[in-house]
Amino acid sequence: MNSAPPRAPFLRIDRLRKVFGDFTALNEVSLAIDEGEFICFLGPSGCGKTTLLRAVAGLDIQTAGRVWQAGRDISALPPAERDFGIVFQSYALFPNLTVARNIAFGLENQKLKRADIERRVTELLALVNLSGQEGKYPAQLSGGEQQRVALTRALATSPGLLLLDEPLSALDARVRAHLRVEMKALQRRLGVTTIMVTHDQEEALTMADRIVVMNHGVIEQVGTPTEIYRRPDTLFVAEFVGAMNRIAGVGASDGRVTVGEVTLDTQAHAAAAGAPVVAAIRPEDVLPHAGAEGGGESSGGGGDSAGGDAADGDAASAAAKGNNRLQARVDYLEFLGSFWRVSLTCAALGGVALTADLSSNAMRRMRIEAGARVDLELPAERVLVFPRGRGA
Amino acid sequence: MTADADTATTDATTVTAPASTTPAAASPAARIRPKTGRDDKIMAAFIAVIGLYLIVSLALPLYAVLSKSVSAFYFDLGNFEFQVDRGAGWSAPVTARQLNDELRALSPEELRTSGDGRLAVTVFFPDFNFRAPTRYRIRQVQPEAAFLAGTRRVADTDWHTFDSNQFRRVVLRASKSTGLDNYRAYFSTPALFRSLKNSLTIAVISTVLTVALAFGFAYALTRSAMRFKGLFRIIAMAPILVPSLLPGIALVYLFGNQGMLKSFLLGESIYGPIGIVIGSVFFTFPHAMIIITTALSLSDARLYEAAVSLRASRWKTFWTVTIPGARYGLVSAAFVVFNLVITDFGLPKVIGGQYNMLAVDIYKQVIGQQNFEMGAVVSVVLLIPALLAFTIDRVVQKKQVAQLSSRSVPYAPQPHRRFDALCLLYCVLVTVFIAGLIGVCQYAALIKFWPYDLSLSFNNYNFDVMDGGGWDSWKNSIRLALYTAAAGTAVIFCGAYMVEKTQRFVATRAAFQFLAMLPMAIPGMVLGLAYIFFFNNPANPLHGLYGSMAILVICTVTHFYTVSHLTAVTALKQMDREFESVAASLKQPFHKVFSRVTVPVCLPSVLDISIYLFVNAMTTVSGVIFLYSPDTALASIAVLNMDDAGDIAPAAAMGMMIFYSNIGARLIHLLLTRKVMRNTQAWRTRRGEAVR
Ligand SMILES: Nc1ncnc2c1ncn2[C@@H]1O[C@H](COP(=O)(O)OP(=O)(O)O)[C@@H](O)[C@H]1O
Ligand SMILES: [Mg+2]
């Protein structure tokens with residue numbers, strides 16, 4: 001065969017289907033995951049993330065399609081014959097067992113000596129900074145501590161695969177941000193292949209090696225966080241991850257898009273001429289130009305810090321092209337702490353509403369305020385084009 | 001039950017090639033048949049065992065009642081032919097039907113009979129004389145019905161010849177037909193049909209009275225700030241601890257022919273509808289009170305605040321807020337009470353006099369007349385209103401649960417002197433009625449010889465010299481209650497666990513759930529009769545259970561299955577659904593979760609189920625009346641039998657023994673629950689503020 005991957009994927013999901021009555025929850029889902037990877041299933045509620053995770057676990061076996069783990073066909077195996085640890089949204093800690101007994105639950109009946117079990121429990125608790133909590137009951141712990149106990153219990157038997165179903169969603173924002181870092185570090189240290197289900201894009205972007213974006217029971221895109229953010233394959237992904245301006249238009253030659261009286265340059269190579277399309281640009285990519293001052297400044301807003309594989313073009317040189325420079329009126333401003341969200345109306349684009357995320361710095365420098373007129377640039381290499389129709 | 005272990009891989013050739021670019025196109029589309037794991041197998045076995053229990057102890061016996069009720073027995077006269085030789089050779093053959101048509105010896109009515117029916121052939125020969133030298137021949141056309149010659153059963157189609165002395169001992173046996181004949185007979189017998197009307201009348205009147213009284217009581221408990229609420233509640237619960245016939249005995253002492261307050265009835269007799277209704281209100285009161293109190297305490301305080309802010313009058317608030325909020329509770333209570341009254345046997349037996357009710361009719365047909373077929377018909381007739389009431393109650397309860405799940409703020413009543421005093425007075429009256437009837441029984445039990453010798457003694461407790469089984473019957477009752485509590489709790493809790501926690505076997509679980517709900521709709525008399533038909537059949541391999549303690553335990557567990565099952569399901573629903581999944585991922589068997597987590601966490605509910613079964617086993621009459629044997633006589637039945645025999649004072653004494661035994665059991669239950677709660681406080685209470 002032609003170029004086979006250098007090594008077999010650790011987990012391979014092949015054309016999985018899951019049907020509940022006449023409702024198809026998963027439709028022909030295929031995916032390959034390498035050993036040690038941290039994968040996030042990301043998508044809106046009800047899109048089938050949990051269903052896919054439970055199929056991998058064998059808790060709700062798929063209707064059709066196969067799953068291989070470590071070279072073994074596990075498609076039809078009951079959970080007890082698979083190799084995974086799992087943390088549920090509710091944690092499902094045994095309320096009448098102490099932290100130590102909860103963690104030791106999976107270590108019993110494994111021909112381990114009592115002392116060995118206890119040593120392992122102590123060691124694991126130290127790993128998640130819960131030393132000294134052995135004797136407490138779950139109800140006596142905080143939410144974050146409970147979550148870590150559940151994680152420890154799942155890891156106690158050293159499974160080859162760790163499955164997490166919205167493990168952070170029951171926690172408040174501060175604890176969540178803290179645990180995100182801790183969990184990711186722990187996963188790196190142990191090197192355990194991990195699948196985490198989440199509907200929180202920030203969680204997925206910060207934790208995952210690769211994100212699997214799902215919608216309506218199908219995979220929309222698989223890619224690294226930057227790929228997903230910078231080069232979304234579909235309008236759904238573009239809008240679900242991060243914020244996005246949508247400008248409806250018609251395809252012109254050379255991948256350009258005609259909107260109202262202007263024709264925008266885009267990064268697309270070829271949009272079918274005459275076809276209805278949507279041009280899309282993220283608010284932080286919209287560049288203001290304060291008349292004579294010329295050199296605009298991109299805001300520090302959303303995900304720009306994630307770093308650019310897309311050309312971090314110098315705004316001034318791009319502006320020279322002139323096609324994507326427009327005038328707009330500032331409607332209102334919203335202060336979001338580290339940046340401002342500016343709502344604009346662009347007459348040249350047929351009265352389309354745009355938002356731009358601008359740094360306080362840029363705001364001050366360019367004296368942007370409600371009612372003001374500003375020159376905008378939509379950098380061509382940041383303008384994405386999607387076919388209109390589906391979801392548009 | 002589904003899949004089987006070794007068919008998991010539908011296409012073995014594709015299994016080994018995870019890395020190849022395209023596995024065979026057909027394979028992923030193929031339906032996956034999940035491999036059955038060890039846990040699945042154990043669970044399947046458990047469901048099968050408990051499902052089988054319900055089938056054997058419920059479905060099959062009920063089927064036996066139904067089929068019995070549609071088997072009619074009659075003398076099939078067309079099937080028998082006779083020839084007579086009066087010295088001049090054999091006459092031409094003539095059927096019994098022809099003879100009967102000529103003679104009009106037997107009306108069609110008289111041709112209907114039971115399975116044991118016998119008909120002497122001589123009725124067809126008016127000139128028959130056993131000394132005459134006449135000879136007779138008889139044969140069957142079809143070899144179905146058979147006739148008896150003396151003790152010999154003849155089932156062939158040959159001619160058999162008898163002299164007249166032998167012929168007088170020839171009897172015809174009944175043929176069996178399947179159809180609605182029994183029902184036709186039932187509805188055309190006014191004496192039987194009237195019971196249906198009586199039962200419905202009594203049930204409706206008792207329901208209206210009980211629900212109204214219980215509503216007032218519950219209203220006072222939840223909406224007033226009166227004192228002694230706890231005491232009132234405890235006294236109002238007392239009737240649950242005594243057999244339903246105990247108020248009947250008290251009423252006899254109060255208003256019977258030599259009653260203390262006989263004149264209060266203005267010449268009416270307590271034996272009949274009046275007695276049944278008063279007694280029914282007594283024994284159904286706690287059931288209605290619990291349901292309505294629950295419904296009233298669910299209502300939302302915010303609605304009352306709104307009513308106050310709108311300056312609505314108390315009266316208007318009552319009709320626009322209180323009643324609508326409690327309507328499901330009221331309807332549910334009504335149907336529960338209706339069901340209890342219409343299916344009750346003990347009370348109308350004791351105080352019904354000549355006023356016939358359905359449940360008593362079953363008893364009379366079966367025990368008095370040995371007419372099992374008609375007993376079965378009455379059972380089915382009784383089953384219909386019971387099933388109907390049950391179904392409506394279930395529908396209403398579902399709605400109430402939906403109402404319950406919405407978040408609401410509990411109502412905290414404010415003191416209000418006149419209203420509180422009124423409530424207090426009302427509750428005092430109701431509790432005096434309840435405590436009074438029990439007190440009268442206790443008094444009656446201690447009096448030497450009412451109304452002639454009022455000195456106190458324990459003579460009436462000398463059960464061993466009375467009919468009814470003596471002290472042994474009390475011991476048997478305690479044994480029955482203990483076995484029922486132990487075995488019943490185990491079976492019911494395990495069954496509920498399987499239904500609640502397995503994900504597979506959907507159809508089987510639905511069937512199981514239906515069977516578990518059914519007993520609530522089945523009157524005890526019907527269940528008991530069903531057990532006779534099913535277990536007392538020599539062809540049944542379980543025939544050996546008949547007459548043993550085991551069948552009493554089985555009957556009682558099944559009779560009280562539903563409420564216990566629902567209690568268990570409610571407790572199990574509060575457990576995290578993923579415990580079993582976690583255990584499976586850790587490669588631990590489900591029964592480890594069951595024994596280490598589920599049972600300990602549900603222990604309070606488990607104790608509730610066992611006390612419920614214990615108390616009901618102590619007080620039940622209707623379920624076991626057909627099933628006890630001399631060795632397994634029970635206290636509740638002894639009450640009935642001693643009352644029947646005129647030993648009313650000992651009957652009251654035995655009734656009070658049941659009461660005190662139940663109080664003892666409840667106290668033990670209370671202590672155990674306290675202890676469990678104390679031991680588990682560490683993990684039940686939420687984290688204190690100091691922690692962390
Ligand atoms: N046991 C089930 N029976 C019927 N429908 C189900 C069942 N489990 C999930 N679904 C449906 O499948 C879809 C996907 O569910 P799920 O995987 O839980 O979504 P999520 O992405 O939010 O985790 C939902 O529309 C849900 O209603
Ligand atoms: Mg989910």
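This passage describes the predicted model of two chains and a ligand, beginning with the overall make-up of each chain and ending with single residues.

Chain A is built from 10 helices and 20 strands, and 47% of its 392 residues count as buried. In chain B, by comparison, the secondary structure comes to 26 helices and 13 strands, and 44% of its 692 residues count as buried. When the contacts with a separation of 6 or more are considered, residues 24 or more positions apart account for 64% of them in chain A, and for 78% of them in chain B. The C-alpha atoms of chain B fill a box of roughly 115 × 95 × 50 Å along the principal axes.

The surroundings of ligand 1 are formed by residues of chain A, namely A:Phe20, A:Phe23, A:Ala25, A:Gly43, A:Ser45, A:Gly46, A:Cys47, A:Gly48, A:Lys49, A:Thr50 and A:Thr51. Two elements of chain A, strand 2 (23-33) and helix 1 (49-57), each supply at least two residues of this shell, and the largest share, three residues, comes from helix 1. Sorted by class, the shell has four nonpolar, six polar and one charged residues. Strand 2 of chain A also holds A:Glu28, which has a positive phi of about 50° although it is not a glycine. Most residues other than glycine have a negative phi. With 16 other C-beta atoms within 10 Å, A:Glu28 is partly exposed.

Further along chain A, strand 14 (residues 276-281) is mostly covered, since five of its six residues are buried according to the cut-off of 20 or more other C-beta atoms within 10 Å. Strand 14 has antiparallel pairings with two other strands: six bridges join it to strand 11 (residues 245-251) of chain A, and four bridges join it to strand 20 (residues 384-387) of chain A. Strands of a sheet pair through backbone hydrogen bonds, either parallel or antiparallel. The residue A:Val278 illustrates both pairings, as A:Ala248 stands opposite A:Val278 of strand 14, while in strand 20 the bridge partner of A:Val278 is A:Phe386.

In chain B, four strands form an open sheet in the order 5-10-7-8, and the pairing is antiparallel. The edge strands of this sheet are strand 5 (118-120) and strand 8 (152-154) of chain B, each of which pairs on one side only, and the twist averages 30° from one strand to the next. Within the sheet, strand 7 (residues 147-149) and strand 10 (residues 170-173) of chain B pair in the antiparallel sense over three bridges, and B:Phe147 has B:Leu172 of strand 10 as its bridge partner.

The largest nonpolar core has 287 residues, and those with the most contacts inside it are B:Ile249, B:Ile292, B:Cys441, B:Leu529 and B:Met654. Apart from this core lies another, of 17 residues, and among them are B:Ala72, B:Phe73, B:Phe124 and B:Leu172. When residues up to four places away in sequence are not counted, B:Ile249 touches B:Val350, B:Cys441, B:Asp643, B:Ile648, B:Ala651, B:Ala652 and B:Gly655.

Helix 14 (residues 358-368) of chain B is mostly covered, with eight of its 11 residues buried. The buried residues of helix 14 are B:Leu358, B:Ala359, B:Val360, B:Asp361, B:Ile362, B:Tyr363, B:Gln365 and B:Val366. An α-helix has 3.6 residues a turn, so residues three or four places apart point the same way. Helix 14 of chain B is followed by B:Gln370, whose phi is positive, near 55°.

Two loop residues of chain B complete the description. B:Lys587 lies in the loop between helix 22 (579-585) and helix 23 (590-619) of chain B, and its phi is near 60°, a positive value in a residue other than glycine. Because B:Lys587 has 16 C-beta neighbours inside 10 Å, this residue counts as partly exposed. B:Pro541 is found in the loop between helix 19 (524-535) and helix 20 (549-559) of chain B, and counts as exposed because there are 6 C-beta neighbours inside 10 Å. Along the chain, B:Pro541 and B:His160 are 381 residues apart, and their C-alpha atoms are separated by 37 Å.

How values were computed
Residues numbered from 1 in each chain as written. Chains lettered and ligands numbered in written order. Predicted model: local features only at pLDDT ≥ 70, side-chain atom pairs only at ≥ 80, totals over all residues. Near = placed C-beta within 6 Å. Nonpolar A, V, L, I, M, F, W, Y, C, P; charged D, E, K, R; others polar. Buried ≥ 20, exposed ≤ 12 C-beta atoms within 10 Å, placed from the backbone. Contact = placed C-beta atoms within 7 Å. Pairing = 2+ DSSP bridges. Axes fitted to C-alpha atoms, helices over the stretch in contact; angles between N-to-C directions. Core = buried A, V, L, I, M, F, W, Y, C linked by C-beta atoms within 7 Å.
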